[in-house]
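Subject: Structure for your review

Hello,

Here is the structure for you to look over. My notes follow below it.

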Amino acid sequence: MSNVLLELAPSRRHGRPLGIYSVCSTHHWVLEAACNQAVEDDSVLLVEATSNQVNHRGGYTGMLPEDFQRYLSAIAASRGLSPEKLILGGDHLGPNPWRHLPAKEAMEEAESTVRAYARAGFRKIHLDASMACAGDAAALSDEMIARRTAALCAAAEQESPEPKPLYVIGTEVPSPGGATEKLNQLAVTTRDAAAETLAVHRRIFKEMGLGHVWPRVIALVVQPGVEFNHNSVVDYDPARVAHLSELLDQEQTLVYEAHSTDYQRPEAYRNLVRDGFAILKVGPALTFAMREALDALARIETELLPGEQCSRLLEVIERVMLRDRRNWEHHYTGDERAVRLLLRYSYSDRVRYYWNNHEIQQAVEILLSNLSRVAIPETMLSAFLPDQYRAVRAGTLRPDARALIVHRIRQVLLPYAQACEP
């Protein structure tokens, strides 16, 4: 198992900032693209599943942590990525999926999930107790979050084999999957707030007999002023986080973990790593790119084949999402036209919750089958997938539908990979 996570803080101290990007997705094509990128770069790949996707009850993917471990390992092996180059992580592990329950019950569920991740050998665990549960105050105190975080940590320690997990903590944790509110300019975490979070957690860990674990707390989640909502992105401004970078000079075993870094400009990732945000989380942008590729291929299909033979993928997706609103109705608002546009084009990409739907899977299979029986003209690639067209013309990409999709996903990963090298 790679020790790259333990090298992040020392490399920054020695003036050679090193980063690692974390792929937060369970989709096969996204994971295939990530493995391909890691193999090409000869780098370590960090993949994290969230407590909503994968938990001790199956999550919305239906996978237990051990199922996801086997699933990901099989994909990595098929792409030639050695086990030593793969790190499994758990993201937002805490009461989030059960926050509608009273805190005691929600924490019991969360501890069961953390134990399951630990037993399955997940190496990096983000302990997220920042969400209020039923009966809690709207905003939890640092003290309460720290006590719940320590309880989750104790559960992981009881079940984990050697080597023991590395942990990420924090109280100013962005909502998983992006914001739903209108964004103007985000409030960056203050130095005092970050220092207080660390001090409270360090004290509580010691009080609860977890002082020996503290050296394995490798990162703190703070808000560096990056976020996205349905149709806009707040770009990273290094000047706004100078105080947080200075704090790391005193906390020399820690780095920051930056959530919601999707859709930033390439230079932002280099600057984030330089400034101590060494762990960069990316998720919705990957499936957003995958959806764009599938949209384009579906439009190519309608140009090349009679209508009765077409997959009608875009229609199927809309029909399924309008019938089953659970995964978006609390996120998308507006009139019928506005909602339909959000279903297709929102940065938060709630479509990602539906790719396992049988009807959508069947439509995707029909689309790929149809396109495997025809030659996609280069001129159509130029019109619908121009970047992939250029790669095909250069001889570095086959004009195969699946290869085109994976290539489109890798375009999102490439600036992360380039930024994370020292």
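Strands β1 (residues 20-23) and β2 (residues 45-50) run parallel and are joined by two bridges. Strands here pair if DSSP finds at least two bridges between them. Ser22 stands opposite Leu46 in β2. From β1 the chain passes through helix α2 (residues 28-41) to β2, and this β-α-β crossover is right-handed. Right-handed means that, with the strands pointing away from the viewer, the path from the first strand over the helix to the second runs clockwise.

The model is predicted: local features need pLDDT of at least 70, side-chain atom pairs count only at pLDDT 80 or more, and totals for chains, interfaces and linings use all residues. Residues are numbered from 1 along each chain as its sequence is written, and side-chain values use heavy atoms, with hydrogens and water left out.

β1 also pairs with strand β10 (residues 279-282): four bridges, again parallel. There, Ser22 has Lys281 as its bridge partner. Ile20 and Ser22 point one way from β1, Tyr21 and Val23 the other, and all are buried. Buried means under 20% relative accessible area, exposed over 50%, partly exposed in between (1.4 Å probe, protein chains only). Helices (H or I, at least four residues) and strands (E, at least two) are DSSP runs, numbered from the N terminus.

Next, the aromatics. The whole structure holds 14 aromatic pairs. Rings of Phe, Tyr and Trp (its six-membered ring) pair if their centres lie within 6.5 Å; planes under 30 degrees apart count as stacked, over 60 as edge-to-face and the rest as tilted. Tyr21 is buried, at 4% relative accessible area. Tyr416 is buried too, at 1%. Phe205 and Trp214 have ring centres 5.4 Å apart and planes at 80°, so they are edge-to-face. Both are buried. One aromatic cluster is formed by Phe68, Tyr71, Tyr117 and Phe122.

Where is Ala129? It lies in the loop between β4 (124-127) and α5 (142-159). Ala129 has 0% relative accessibility, so it counts as buried. It touches Pro95, Leu140, Ile145, Arg148, Thr149 and Leu152, leaving aside residues up to four places away in sequence. Contact means heavy atoms within 4.5 Å.

In helix α11 (residues 336-345), Val339, Leu342, Leu343 and Arg344 are buried. Their cover includes α9 (284-304) and α10 (313-323).

Finally, the whole chain. It has 15 helices and ten strands. Its radius of gyration is 22 Å, close to the 22 Å that the globule rule gives for 422 residues, so it is as compact as a globular protein of that length. That radius is taken over C-alpha atoms; the rule is 2.2 Å times the number of residues to the power 0.38. The C-alpha atoms fill a box of roughly 70 × 45 × 45 Å along the principal axes. Of the 422 residues, 56% count as buried. Among contacts between residues at least 6 apart in sequence, 75% join residues at least 24 apart.

Best wishes
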